[in-house]
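I opened my notebook to go through this structure piece by piece. Come along and look things up with me.

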Amino acid sequence: MTISQIGRTIGASVTLKLNETAAILRAKGDPVIHLGGGEPKGRAPIDAILGAAALLSSGEVRYTPADGIPALKKAIIRYTEEFYGRSPAPENVMASGGAKQAIMVCLQAILNPQEEVIFPAPYWVSYPDMVRLVGGVPVPVTPEDGGFIPRLQDIEQVLSPYTRAVIINSPNNPSGAVYPESFIAEMVELCERRGLYLIMDDIYHRLIFDGRQPVSCYAHAKDHTESSKLVVINGVSKQYAMTGFRIGWAVANRRLIEVMTNIQGHQTSGPSALLQHAAVGAINGIQSSVSNLRMTLENNRNVLVDRLRSFAGVKIEEPGGTFYSFPDFSAYSKNSVKLAELLLEKVQVVTVPGAEFGREGHLRISFCGSIKDITEGIARMKWVLDPDAPNELYIGDRKLVRDWS
Ligand SMILES: Cc1ncc(COP(=O)(O)O)c(C=O)c1O
């Protein structure tokens, strides 16, 4: 079979594969604890359900404009005013099938083959493959101090004549790190000065803890004209627990949005009409579900960090947002894939290997599940890794006996 060059370079989405493995094990009756998840467990807001139900019960569910229904664009404009202090025109907004599609279409619109896209490591698993899908070259950059917070120098060092864009994701998946506002300001300034696109992947911007407030990149921009190369990506998936609804969006200059809309129009047409109406409901509706989610996640984070800190050898930086932590397990194993496999095989705990995010020795551990899953999952992990742990562990009425050292 002949497969294209690009097709051959693209790997399966590891996180989606892990979800499948966990589901298969669960279906077999295994007591799986999924600490690898990427979605809040709560129900979608009632306003989202009502929005979709109203359209569904009309029985008239049709194609929509390729850039989204006017009501959704209006809701996104209002959202941008509220959280970014900026009022885009409808022509500056495109709704997509998730933030993922918005980023993908943006890359298709701006990249020529071999052009480079820089992003700090650890990074969201999909960025490298998304860039490769367009024939571009991903340029991950690890902060010189080996931490989670990139600095201007780190980015400057990898700039080349082929650099076309920088992607910044803060709060960050997988580290949970919230980048300092000064760094965001420096990125805006650098990209304006060098004529680069700056793609702000803000999908977690409201899921921040310890009294932090979402940061607006526009506050640091000098160029507020239609030449601005600032692209803001967001969506309903994480903040409203609506991952399966698949609605995200991009806000950018008119010409870029026009090109992105043309591309999306040929790819998928507009996103599902039903789900756009649900997104309108979520964005315009009562926002208490977001603050409740944030409080639950902050509490989960505290429990997780507390448990991990009792784990000799594990280094954990407290996540300032998202629902991910990214502890360093290199004292136990430098090979994160093998470590994740060991944990799944021995105690049915799902984690995501750090290698997938460009950082070996770490595991991504999510805290979007229940406190029970977090505490029991960490206890099981500890049993596997701690050489001083008792020889046996009971999971329900299953007795596990240590057969490794
Ligand atoms: C950093 C980041 N960006 C974008 C997305 C995609 O979000 P959506 O569900 O809206 O496609 C995710 C989902 O995991 C993510 O973690």
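**Entry 1: a surface patch**

Which residues make a nonpolar surface patch of about 290 Å²? I found that Ile46, Ile49 and Leu50 make it. Patches are built from residues with over 30% relative accessible area and no salt bridge, joining nonpolar side chains (Val, Leu, Ile, Met, Phe, Trp, Tyr) within 5 Å and like charges within 9 Å. The areas come from the Shrake-Rupley method with a 1.4 Å probe, and for residues only the protein chains shown count as cover.

A note on what I am reading: this is a predicted model, where local features need pLDDT of at least 70, side-chain atom pairs count only at pLDDT 80 or more, and totals for chains, interfaces and linings use all residues. Residues are numbered from 1 along each chain as its sequence is written, and side-chain values use heavy atoms, with hydrogens and water left out.

I looked up Ile49 and found it in helix H3 (residues 46-58). Helices (H or I, at least four residues) and strands (E, at least two) are DSSP runs numbered from the N terminus. Ile49 is partly exposed at a relative accessible area of 38%; buried means under 20%, exposed over 50%, and partly exposed in between (1.4 Å probe, protein chains only).

**Entry 2: helix H11**

Next I followed H11, residues 288-309. Its 22 residues reach 31 Å from first C-alpha to last, close to the 32 Å expected; the expected span is 1.5 Å times one less than the number of residues.

What do the buried residues of H11 pack against? I found strand E9 (324-325), strand E12 (363-366) and helix H13 (371-385), where contact means heavy atoms within 4.5 Å. Among those buried residues are Val290, Leu293, Asn300 and Arg301.

**Entry 3: a sheet of three strands**

E9 and E12 turned up again here: three strands form an open sheet in the order E9-E12-E11, with antiparallel pairing. E9 and strand E11 (352-353) stand at the edges with a single partner strand each, so one side of each has no neighbour in the sheet. Two strands pair if DSSP finds at least two bridges between them, and E11 and E12 pair over two bridges. I also saw that Val352 stands opposite Arg364 in E12.

**Entry 4: salt bridges**

How many salt bridges are there? The count comes to 24, taking a salt bridge as a side-chain nitrogen of Lys or Arg within 4 Å of a carboxyl oxygen of Asp or Glu.

I looked up Glu115 and Arg164, whose side chains meet at 3.4 Å, N to O. This pair links distant parts of the chain, 49 residues apart: Glu115 is in the loop between helix H5 (98-110) and strand E3 (116-120), and Arg164 is in strand E5 (residues 163-168). Glu115 is buried at 15% relative accessible area, while Arg164 is partly exposed at 29%.

Then came Asp328 and Lys315, at 3.9 Å, N to O. Asp328 lies in the loop between E9 and helix H12 (336-347) and Lys315 in the loop between H11 and E9, so the pair ties together parts 13 residues apart in sequence. Is Asp328 buried or exposed? Asp328 is buried at 14%, whereas Lys315 is exposed at 58%.

My last pair was Glu376 and Lys372, at 3.7 Å, N to O. They are four residues apart in helix H13, which means a separation of about one helical turn. Glu376 is partly exposed at 27%, and Lys372 is exposed at 57%.
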